[in-house]
Amino acid sequence: MSADYGAEKNREEEKEYVSLPCDEKAYVYYNSVRLQAMERRLKESGSSISKELYWMLGELYHQLLTQEEQDSAEKKIRESRSTWNQLKDGSREYTLIKIRERGQEIFFADDVETFYSVSCRYCEYARRYSSCQFDQFAEALHCECVLTPGEFEDLHDTLMPQNLLAILQFELDEGIVQVRERGDCSWRSYKLEDVFEAAFSVEFVNRRYTESDARPALFVRELAGKELPCKEALSNGLNLKQ
């Protein structure tokens with residue numbers, strides 16, 4: 001692929017200029033006087049600094065990566081979208097997951113993870129197990145179906161579809177876990193440390209005494225009575241939607 005073709009393709013993509021899964025913020029510091037001068041000129045032509053930088057990054061993407069590397073990246077995006085469409089159409093059960101850590105929010109849909117399994121994985125991540133050496137908890141989950149914030153909120157704010165098993169919100173910055181499982185009338189909130197202790201006790205301390213299929217129920221019993229009152233959860237800056 002030529003650089004010209006890549007630039008033309010990116011210009012076509014830029015016309016829509018919508019948020020996509022896997023999008024991350026990229027920060028760069030630049031002189032404010034120069035920025036304001038450019039912003040005024042770009043505004044005259046109906047553009048902006050953000051749009052121009054978006055296009056320039058796209059050009060860089062096409063210039064730096066080989067066609068094989070680009071094809072691999074685009075394949076991952078298509079597969080994530082295909083999986084999400086399958087989950088939405090009701091043919092597979094799934095869980096919604098939101099992770100907030102160091103100010104960054106990431107949203108996933110996964111047809112394997114449960115409240116118990118994600119909590120156990122957090123134990124491995126927090127204790128820096130050799131099998132869980134990741135810089136961020138979201139990386140430790142290996143969820144490939146990444147969602148936009150809008151896609152997550154659309155289901156977060158409405159009645160849960162029949163094939164949606166649970167919505168999990170691991171707010172690591174606030175030390176709070178919010179859970180809403182199928183059949184629940186409202187959200188349940190817990191301290192992250194209580195979720196950690198319950199999962200660690202069941203999965204790692206008493207594992208040999210408990211059959212694997214009985215562990216999720218034992219995990220729930222370990223958390224019984226530890227739900228946070230609504231006021232305490234709200235004091236942590238969380239907006240619990242009932």
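Modeller: Arg100 is partly exposed, with a relative accessible area of 22%. Partly exposed is the class between buried, under 20% relative accessible area, and exposed, over 50%, with a 1.4 Å probe and protein chains only. The model is predicted, so local features need pLDDT of at least 70 and side-chain atom pairs pLDDT 80 or more, while totals for chains, interfaces and linings use all residues. Residues are numbered from 1 along each chain as its sequence is written, and side-chain values use heavy atoms, leaving out hydrogens and water.

Start with the partners of Arg100. A salt bridge here is a side-chain nitrogen of Lys or Arg within 4 Å of a carboxyl oxygen of Asp or Glu. Glu105 has 37% relative accessibility, so Glu105 is partly exposed.

Arg100 also meets Asp173 in a salt bridge, at 3.9 Å from N to O. This pair links distant parts of the chain. Arg100 sits in strand β1 (residues 94-101), and Asp173 in the loop between β4 (164-171) and β5 (176-181). They are 73 residues apart. Strands and helices are DSSP runs numbered from the N terminus: E for strands, at least two residues, and H or I for helices, at least four. Asp173 is partly exposed too, at 38% relative accessible area.

Now widen the view. Salt bridges connect Lys98, Arg100, Glu105, Glu171, Asp173 and Glu174 in a network. Across the structure, the count comes to 15 salt bridges.

Arg102 is another residue to look at here. Arg102 lies in the loop between β1 and β2 (104-110). Its phi is positive, about 55°, although Arg102 is not a glycine. Most residues other than glycine have a negative phi. At 57% relative accessibility, Arg102 counts as exposed. Arg128 also has a positive phi, near 55°, and is not a glycine. Arg128 belongs to the loop between α5 and α6. With 38% relative accessible area, Arg128 is partly exposed.

For contrast, take a salt bridge within a helix. Glu79 and Lys75 form one, with the closest N and O atoms 2.5 Å apart. These residues are four apart in helix α4 (residues 67-88), so about one helical turn separates them. Glu79 is partly exposed at 38% relative accessibility. Lys75 is partly exposed at 44%.

Next come the rings. A pair of aromatic rings is described by the distance of the centres and the angle of the planes. The whole structure holds 13 aromatic pairs. Rings of Phe, Tyr and Trp (its six-membered ring) pair if their centres lie within 6.5 Å; planes under 30 degrees apart are stacked, over 60 edge-to-face, and the rest tilted. Phe115 and Phe219 have ring centres 5.0 Å apart and planes at 70°, so they are edge-to-face. Phe115 lies in helix α5 (residues 115-126) and Phe219 in helix α9 (residues 215-223), so the pair ties together parts 104 residues apart in sequence. Both Phe115 and Phe219 are buried.

Tyr129 and Phe204 make another edge-to-face pair, 5.5 Å centre to centre with 80° between the planes. Tyr129 is in the loop between α5 and α6 (137-141) and Phe204 in helix α8 (residues 192-205), so this pair ties together parts 75 residues apart in sequence. Tyr129 is partly exposed at 25% relative accessibility, and Phe204 is partly exposed at 26%. Tyr129 and Phe204 belong to a cluster linked by ring pairs, with Tyr122, Tyr125, Phe137, Phe170, Phe196 and Phe200.

Last, the whole chain. The chain has 10 helices and six strands. Of its 242 residues, 38% are buried. Of contacts between residues at least 6 apart in sequence, 59% join residues at least 24 apart. Contact means heavy atoms within 4.5 Å. The accessible surface comes to about 15,000 Å², and 51% of that belongs to carbon and sulfur atoms. Accessible areas come from the Shrake-Rupley method with a 1.4 Å probe; for residues, only the protein chains shown count as cover.
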